[in-house]
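Dear colleague,

Please find the structure below, handed over for your work. My findings follow it.

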Amino acid sequence: MLITRENGVRIIINDRVDIALAVKADGIHLGQDDLPPENARRILGDDAVIGFSTHSIEQARHAISMPVNYIAIGPLFPTKTKENPDETIGIEGLRRVRDSIGDFPLVAIGGITIDNIASVFEAGAGCAAMIGELLSEPDAISEKTREFLTFCQ
């Protein structure tokens, strides 16, 4: 972890609070079936970054009352990175969630590509998480990452 901190990079572990604690990660991202955010906060402390996945406007509204730093919403579009993905919410669903939660930090997830990322930010996401698009061409991960980063500046 030292190399990440030396380079100003935060490490967020997916799902596993025990691993986040063991490696002294900066935080954790939790899903609906993972350890509740309240328990993760007690274990990791007040300085840990805690994110929480939501899949509906109701879940998003509830999540902003939890001890989390951000919520993720999705999947926005069809995705191949989950065996049994939740129903897609689309751009309109993202807009409704943004309107419902105000300025609470919001990450869009699920099926995000170079072709739809602009609409994701226009609909109110502050960040976008991508797996499938980046891994679809393993030899082009660096170039695709640079291309996506142009939307974040």
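The overall dimensions come first. For the 153 residues of the protein chain, a compact globule would have a radius of gyration near 15 Å, and the chain has 16 Å, which agrees. Please note that this is a predicted model. Taken along the principal axes, the C-alpha atoms fill a box of roughly 40 × 40 × 30 Å.

As to secondary structure, the protein chain has eight helices and six strands. Their order along the sequence is α-β-α-β-α-β-α-β-α-β-α-β-α-α. Among contacts with a separation of 6 or more, 35% join residues 24 or more positions apart.

Turning to burial and surface, 39% of the 153 residues are buried. The protein chain exposes about 9,100 Å², of which carbon and sulfur atoms supply 52%. Its side chains include 14 positive and 23 negative ones, and the centres of these two sets lie 4 Å apart.

The interior may be of particular interest to you. In soluble globular proteins, nonpolar side chains tend to be buried together. Here, the largest nonpolar core holds 33 residues, and those that touch the most other members are Ile28, Ile71, Leu76, Leu94 and Val120. At least two residues of this core come from each of helix 2 (17–22), strand 2 (27–30), strand 3 (49–54), helix 4 (57–63), strand 4 (70–73), helix 5 (90–101), strand 5 (106–109) and helix 6 (117–122). Helix 5 gives the most, with four residues. Not counting residues up to four places away in sequence, Val120 touches Leu76, Phe77, Ile91, Leu94, Ala108, Ile112, Ala125 and Ala128.

Lys24 is placed in the loop between helix 2 and strand 2. Because its relative accessibility is 61% and the cut-off for exposed is over 50%, Lys24 counts as exposed. The C-alpha atom of Lys24 is separated by 9.9 Å from that of Ile12, and the two residues are 12 apart along the chain.

Thr79, for its part, lies in the loop between strand 4 and helix 5. Its relative accessible area is 19%, and buried means under 20%, so Thr79 is buried. Leaving aside neighbours within four places in sequence, Thr79 is in contact with Pro85, Gly110 and Gly111.

Yours sincerely

Note on methods: Residues are numbered from 1 along each chain as its sequence is written. This is a predicted model: local features need pLDDT of at least 70, side-chain atom pairs count only at pLDDT 80 or more; totals for chains, interfaces and linings use all residues. Side-chain values use heavy atoms; hydrogens and water are left out. The radius of gyration is taken over C-alpha atoms; the globule rule is 2.2 Å times the number of residues to the power 0.38. Buried means under 20% relative accessible area, exposed over 50%, partly exposed in between (1.4 Å probe, protein chains only). Contact means heavy atoms within 4.5 Å. Accessible areas come from the Shrake-Rupley method with a 1.4 Å probe; for residues, only the protein chains shown count as cover. Lys and Arg count as positive and Asp and Glu as negative; His and the chain ends are not counted. The place of a charge is taken as NZ of Lys, CZ of Arg, CG of Asp or CD of Glu. A nonpolar core is a set of buried Ala, Val, Leu, Ile, Met, Phe, Trp, Tyr and Cys residues joined through side-chain atoms within 4.5 Å.
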